[in-house]
Amino acid sequence: MPRPIQATVHTQALRHNLQTARARAPDARAWAVVKANAYGHGIERAFEGLRGADGFALLDLDEAQRLRALGWRGPILLLEGAFELRDLEWCSRLDLWHTVHNEAQIDMLAAHKTNVPQRVFLKMNSGMNRLGFRPEQYRAAWTRLNALPQVDEISLMTHFSDADGAIGVARQLATFDAASADLPGERCISNSAATLRHAHCANDWVRIGIALYGSAPDHPEHPAAHWGLQPTMSLRAQIIATQDLAPGDTVGYGSAFVAERAMRIGVVACGYADGYPRICPTGTPVLVNGMRSHTVGRVSMDMLAVDLTDLPSATLGSEVTLWGAASTGQVLCIDEVAACAQTLGYELMCALAQRVPVVVE
Ligand SMILES: *Cc1c(COP(=O)(O)O)cnc(C)c1O
């Protein structure tokens, strides 16, 4: 028997989350962002649930190729654009749209030999200071691109740094609008957080990532359930041992947990080598047979311990849901676990380890 741990990708939940996000930007077309192997879900596994999107946005040519191999003929956008001239040949071959965020990429386009002009998304750095032309350089970049025979339609794009929090989008939106005001072309600015929280930003295209995967971009201000999002990845394992503890007994490496009373614990076949964060402290929530409990002591490479004291029915083989939905339907949102690990749902789903078998439901 294989080690009793498994991740499940929920096709129906992906479909549902896409619809839910779309409903907040009903007039926009939706990019399903599937970078990082569909946020750890696997492009091939997520495809069926997300094929209702208007296009797929990602970073790696390899992932674009895999989408084409799945039969996707619609738009694919490279969010960081080309890294070298050869990438543009792949864009021609696979019919990819690509972001242009610096002069070097315009130089590459000018040197690219093709008879078929390419659709590009010209990115403005409206304040995040990651990628893009500064507002005062934007028009010149547009003019230069527009003069190239290698370039077809030019769309206008920027990215928000604070759509999920108190700072909000007003300043970046004003910067983008002012610097692009009389340029023609479709606009694409909202990520998940902006689509959910700042509906007025939605224009021709929205770029939906994390919301597709059932995680709230603004947890804990709003939990995923507030936005109507469902978990798309469930990580479940089983109890492979139980231990009865007397007061003063300790659990795991470093004897980091000391029982203050008689307790029963379960040892679960999941550890940091499966992608469960080692930093999760005692008290991190889990579901045992669908009922809430919590971890006890340090997470080790292949195992962690959970409290069964108040769950007398839990025993060898009982299901432990580390995040997502229990097989009986109860939900432990990945964002809750991520908060205990001082990170985001994004990081947990992306870090699901290769050794965990994944099934699609
Ligand atoms: C990753 C990414 C997105 C999606 O962001 P979410 O917060 O996951 O919705 C959108 N746009 C760009 C440019 C990205 O890199």
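Start by selecting the lining of the largest pocket: by class it holds 19 nonpolar, nine polar and eight charged residues. Here Ala, Val, Leu, Ile, Met, Phe, Trp, Tyr, Cys and Pro count as nonpolar, Asp, Glu, Lys and Arg as charged, and the others, Gly among them, as polar. A pocket is an open set of points on a 1 Å grid over the protein atoms alone, where a 1.4 Å probe fits, with protein on both sides within 12 Å along at least five of seven lines; lining residues have an atom within 4 Å of a point.

Bear in mind that this is a predicted model, in which local features need pLDDT of at least 70 and side-chain atom pairs pLDDT 80 or more, while totals for chains, interfaces and linings use all residues. Numbering runs from 1 along each chain as its sequence is written, and side-chain values use heavy atoms, without hydrogens and water.

The volume of the largest pocket is about 740 Å³, taken as the space filled by probe spheres set on the points, which are joined across faces, edges and corners. Of its 36 lining residues, Lys-35, Tyr-39, His-159, Asn-191 and Tyr-346 are the closest to the centre. Next, colour helices H2 (35–39), H9 (192–197), H10 (334–340) and H11 (345–350), each of which gives the lining at least two residues; helices are DSSP runs (H or I, at least four residues) and strands likewise (E, at least two), numbered from the N terminus.

Now show the ligand, which takes up the space of the largest pocket (more than half of its atoms lie within 2 Å of the grid points). On His-159, a polar side-chain atom lies 3.4 Å from a ligand nitrogen; a polar contact is a pair of N or O atoms within 3.5 Å.

Finally, visit two loops. Pro-220, between strands E9 (205–208) and E10 (233–245), is joined to His-219 by a cis peptide bond with omega about 5 degrees. Asp-95, not a glycine, has a positive phi of about 55 degrees.

Key
Polar contact = N/O pair within 3.5 Å; in protein donor to acceptor, adjacent residues only side chain to side chain.
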